[in-house]
Amino acid sequence: MKLLVFLLAPVLFGAQPTLQEAKKFLDDAEPKIDRLSAEASRAGWVQENFITDDTETLAAVANERSIAEAVRLAKGATRFDKLKLPPDMARKMMLLKNGLVLASPADPAESAEVTRLAASLDGAYGKGKYCPDTLAKGEKKCLDIEDITRIMANSTDAKELLDAWKGWHSISPPMKANFERFVELSNKGARELGFKDTGAMWRSKYDMPPDDFAKELDRLWDQVRPLYLSLHAYVRSKLHEKYGDVVPASGPIPADLLGNIWAQDWSNVYKLVAPKNADPGYDLTAILKARGTKPLDMVHYGENFFTSLGFAPLPLTFWQRSLFVKPQDREVVCHASAWDIDNAEDLRIKMCINITAEDFSTIHHELGHNFYQRAYDKQPILFRDSANDGFHEAIGDTIALSITPEYLVKLGFIDKAPDASKDIGLLLNKALEKIAFLPFGLLIDQWRWKVFSGDITPQQYNAAWWQLRLKYQGIAPPVARTESDFDPGAKYHVPANVPYTRYFLADILQFQFHRALAQTSGCPAGTPLNRCSIYQSKAAGDKLNAMLELGESKPWQDALFQITGSRAMDATAIRDYFAPLQKWLDEQNKGKPVGW
């Protein structure tokens with residue numbers, strides 16, 4: 001007996017692990033992660049393309065297996081915390097501990113419950129419909145997110161917009177109880193890994209202390225806030241002219257009048273706020289439709305941009321397995337997304353493509369994910385991701401910034417680029433998309449982090465949501481809201497448990513990337529940044545690919561340096577891009593209230 005105790009002592013009393021044990025731990029971990037990740041991706045693909053109770057269950061089971069193994073590995077990695085490891089191994093251990101979006105609790109029943117809740121919330125959003133009485137006797141009785149989006153984008157009837165806004169926000173109150181329980185279980189899993197809560201776990205993955213990362217977001221927002229305030233004041237003034245006192249001359253803008261169900265992208269109100277004599281002379285949506293452009297054609301245009309930079313074409317399976325058009329026979333999650341099913345060559349997009357300028361840009365964005373995924377597919381499995389999640393979102397948008405008039409000339413869409421004197425309209429249109437989005441991109445996770453930490457209780461979910469929207473966006477609900485509403489759930493990323501700060505970072509990084517790549521491409525001196533396109537520049541493609549191939553093998557600061565020569569995120573590139581617009585907005589806002 002004494003001999004047995006002696007032999008077990010090194011294990012029982014926590015003997016210092018060895019480098020060989022650490023290597024074996026990682027060598028065993030990576031193929032398991034690869035296999036379970038692919039399994040969960042396939043189940044998730046089927047669940048979002050065939051929304052039924054059965055596919056939700058299958059996706060939940062696959063996710064549960066994948067998450068349970070990721071949690072087990074994260075806990076196992078802590079055993080090697082005090083061991084000095086080579087840099088690559090140390091980074092893999094760090095990523096194992098910090099890479100989770102959802103940490104399920106150790107208790108098997110709770111683990112199964114939280115993954116079931118995750119699938120159910122995602123499915124509830126995908127099945128969401130508004131069924132107005134006005135359609136009760138027609139062939140189409142209900143409106144899905146695509147229908148609501150079209151109404152918000154095209155209507156200028158205040159009553160119709162309000163009805164559509166209220167209708168879509170009616171899908172989310174049934175989610176609230178499940179979301180509350182999901183938060184509770186998610187936090188329990190995060191605490192078992194040593195984090196204060198799920199929000200702290202999310203903030204830990206940015207190669208800097210979580211609190212420092214939060215301060216970095218504040219710094220970046222302070223850099224761009226003056227431009228947002230100028231845009232907000234100008235748009236409010238123009239909407240006041242259109243809608244009267246429904247939009248106050250000072251104060252917040254009603255959320256239903258900005259052309260988007262979440263008031264996150266205002267480009268659809270451009271027609272109401274466009275400057276005089278600023279028509280660039282073309283309408284990309286009209287051009288695409290006049291050319292008889294099909295959904296697959298839209299995707300080929302996006303692919304051709306990347307191949308013009310020197311990237312290889314997408315694999316045949318991409319065209320065979322992606323979803324490009326909304327099916328007529330079933331419910332699908334139409335929210336555009338890019339998929340890397342097997343962490344190698346099985347790349348796909350899922351999107352219900354409409355022939356519009358917006359979707360033309362969105363396709364470039366989604367393909368940015370796919371080309372990034374393929375660029376790092378030779379890295380070890382733990383490094384097959386972007387430098388940080390903002391990078392993944394930024395790459396496609398960087399390419400989309402090159403959809404300039406000059407690019408459209410090269411495609412044969414227009415005969416010649418309009419004179420630069422017309423750029424105020426183009427810049428305003430772009431600002432309504434990009435600058436309007438910045439505070440929204442910030443506040444989603446500001447809300448969730450406070451929910452996860454307990455600073456916002458379930459009894460305050462909706463009130464706190466609108467307090468943050470007022471603080472950051474200067475937006476107010478068009479009708480009174482109460483805690484029987486659950487307006488955060490009407491935004492896909494909340495029920496789908498997708499962190500959102502990545503989109504704010506992407507909005508910053510894409511302009512920083514664009515400025516650097518435009519310089520590399522040899523954009524002529526003196527050319528406004530908004531007129532620079534890297535299309536057909538192999539030099540820009542080489543620099544971009546060198547960064548993409550790093551995956552997550554290095555801290556994001558190293559990847560940023562690869563493209564920009566700087567190790568700090570910097571919003572001055574946004575100010576550079578929109579400098580002519582800022583000057584023009586300041587002139588338009590003279591004598592008018594700014595802020596709310």
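In this predicted model, a search of the whole structure finds three cavities of 30 Å³ or more. Rolling a probe the size of a water molecule over the atoms shows where such empty space is left.

**The largest cavity**
- The volume of the largest cavity is about 50 Å³.
- Its lining consists of W202, R203, K205, Y206, D389, D445, W449, P499 and T501.
- Two helices, α9 (198-203) and α18 (423-453), each supply at least two residues of this lining.
- By class, the lining of the largest cavity comprises four nonpolar, one polar and four charged residues.

**The second largest cavity**
- The second largest cavity holds about 50 Å³ of space.
- Lining this second cavity are M152, A153, S155, T156, L161, Y243, L257, G259, N268, V269, K271 and L272.
- Two or more of these residues come from each of α6 (145-154) and α11 (270-273).
- Seven nonpolar, four polar and one charged residues make up the lining of the second largest cavity.

**The packing of α21 and α22**
- Two packed helices are described by the angle between their axes and the distance between the axes.
- The axes of α21 (residues 538-548) and α22 (residues 556-564) come within 9 Å and cross at roughly 175 degrees.
- Because angles over 145 degrees count as roughly antiparallel, α21 is roughly antiparallel to α22.
- In this contact, K543, L544, A546 and M547 of α21 meet A559, Q562 and I563 of α22.
- The contact of α21 with α22 has five nonpolar residues, one polar and one charged.

Terms used
Residues are numbered from 1 along each chain as its sequence is written. This is a predicted model: local features need pLDDT of at least 70, side-chain atom pairs count only at pLDDT 80 or more; totals for chains, interfaces and linings use all residues. Side-chain values use heavy atoms; hydrogens and water are left out. Axes are lines fitted to C-alpha atoms, for helices over the stretch in contact, and angles run from 0 to 180 degrees between N-to-C directions. Helices (H or I, at least four residues) and strands (E, at least two) are DSSP runs, numbered from the N terminus. Angles under 35 degrees count as roughly parallel, over 145 as roughly antiparallel, 65 to 115 as roughly perpendicular and the rest as oblique. Contact means heavy atoms within 4.5 Å. Ala, Val, Leu, Ile, Met, Phe, Trp, Tyr, Cys and Pro count as nonpolar, Asp, Glu, Lys and Arg as charged, and the others, Gly among them, as polar. On a 1 Å grid over the protein atoms alone, a cavity is a set of points where a 1.4 Å probe fits but cannot get out, and a pocket is an open set with protein on both sides within 12 Å along at least five of seven lines; lining residues have an atom within 4 Å of a point. Grid points are joined across faces, edges and corners, and a volume is the space filled by probe spheres set on the points.
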